[in-house]
Amino acid sequence: MHDSRCVLLIVSGGIAAYKTLDLIRRLREQGIAIHCIVTEAGARFVSPLSLAAISGAPVYQDLFSLQEETEMGHIRLARAVNLVAVVPATADLLAKMAHGLADDLASTTLLATNRPVLVAPAMNVHMWSHPATQANIAVLERRGVHRVGPTCGALACGEEGDGRMAEVSELLAVIDTLLSTSTEKKESSLIGRRALVTSGPTYEAIDPVRYISNRSSGRQGHAIAAALARHGAGVTLISGPTALSDPGRVRTIHVESACEMLAACQDVLPVDVAVCAAAVGDWRPVRVSQKKLKKRAGTLPQPILLANNPDIVAILSQPGSRRPALVIGFAAETESLLDNACRKRTAKGCDWIVANDVANNQVFGSERNTVHLITEDSVTCLRSMTKVEIAESLTERIAAVLRKKRD
Ligand code: C5P
């Protein structure tokens with residue numbers, strides 16, 4: 001379990017259990033590793049196979065499973081993670097937790113853990129308001145268990161009132177906060193710093209339905225925005241169109257074209273650091289047809305003329321009072337990686353270039369990457385890492401440089 005942030009998700013039996021699949025997907029997008037325990041009742045609402053597929057890890061169900069115990073004993077599992085989250089938490093499991101019962105894998109693990117615990121209760125309104133449940137919750141909160149929800153609304157049983165599980169977006173925000181306080185490293189703090197990150201591709205319109213774009217997924221840029229925010233920076237992410245969710249605690253501005261991205265960047269200045277990870281389209285059609293171009297046999301009646309887009313990283317790097325203390329660009333190259341990347345650093349006037357070799361086409365959309373960090377006086381190869389690890393490593397280096405500039 002080498003992931004820097006890891007959550008053990010305990011799924012107990014309730015209709016809200018289906019929401020855990022979306023929660024897991026979105027946590028993993030933020031680079032958070034997930035291990036799941038599902039109770040017998042939980043497995044009736046969400047299949048362990050779905051949980052395993054979405055979490056990318058084995059799902060634990062049985063207290064006395066020889067195989068599960070060999071892979072990862074439940075005591076180790078309970079203590080190896082950064083957070084234990086019970087989503088949804090039924091009245092029954094909350095009662096077991098309050099009374100220290102340990103008659104299945106979920107309750108045993110909860111008794112064995114020494115990690116922060118979060119519960120997301122979900123149940124019928126009368127079960128929630130019952131004095132027994134309220135007393136159990138009070139005991140748990142006195143012991144330091146964190147709680148999110150329930151909220152008021154329509155319940156699966158057809159009734160209305162308190163008992164609805166908190167929404168996934170709220171769960172994400174609470175989990176993110178709990179994880180940050182348990183992993184934040186003081187020496188790489190960016191509290192009080194402002195950061196700007198560009199991410200994703202751009203869409204350069206040809207007509208109302210067609211555009212020119214590229215294969216960028218936005219994973220690296222989004223991971224960098226999330227890492228900077230985890231270290232305390234106030235982050236604005238300016239993102240081209242991607243399939244990713246907006247990272248938690250990051251102000252995200254959605255744009256389509258390079259010109260919109262540049263305008264949004266200029267609006268955000270001044271910042272301490274600008275990380276330009278977007279794959280900005282180099283060209284845009286000179287004329288955007290207001291009407292959809294008609295398909296016809298043969299070639300188009302007029303060629304699509306392309307104009308150069310503004311180079312955002314070069315513009316941000318221009319000397320002046322609003323220049324960020326640190327401007328970082330990326331270089332995706334298919335040949336002479338380091339030569340081209342070094343030249344790019346000088347041509348654009350930025351401080352660092354993160355160079356990717358994209359010759360084998362395995363970078364776009366993938367989780368891992370090997371990059372070189374090129375500065376004025378050094379070239380460092382970062383070993384093959386996940387994009388989230390690259391984001392973390394880059395963030396620590398950014399924090400170190402900003403600290404030096406302040407000292
Ligand atoms: O020139 P090239 O596209 O290879 O440079 C890549 C770097 O420059 C990336 O950091 C990218 O975000 C940035 N860039 C930009 N504006 C452009 C083109 C690239 O900011 N128009």
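Mentor: Start with a definition. A crossing is left-handed if the near helix is turned anticlockwise from the far one by less than a right angle, and right-handed if clockwise. Keep in mind that this is a predicted model.

Now find helix α6, residues 91-99, and helix α9, residues 131-142. The crossing of α6 and α9 is left-handed.

Next, see who touches whom. From α6 come A91, L94, A95, M97, A98 and H99. They meet T133, N136, I137, V139 and L140 of α9. Eight residues of this contact are nonpolar and three are polar. None is charged.

Now the backbone. Most peptide bonds are trans, and most residues other than glycine have a negative phi. Look for exceptions. The bond from G149 to P150 is cis, with omega near 5°. P150 sits in the loop between β6 (146-147) and β7 (151-154). Another cis bond runs from L269 to P270, with omega near 0°. P270 belongs to the loop between α12 (258-268) and β14 (273-276).

Finish at S336. This residue is not a glycine, yet its phi is positive, about 40°. Look for S336 in the loop that joins β17 (326-333) to α14 (337-348).

How values were computed. Residues numbered from 1 in each chain as written. Predicted model: local features only at pLDDT ≥ 70, side-chain atom pairs only at ≥ 80, totals over all residues. Heavy atoms only, no water. Helix = DSSP H or I, 4+ residues; strand = E, 2+ residues; numbered from the N terminus. Axes fitted to C-alpha atoms, helices over the stretch in contact; angles between N-to-C directions. Contact = heavy atoms within 4.5 Å. Nonpolar A, V, L, I, M, F, W, Y, C, P; charged D, E, K, R; others polar.
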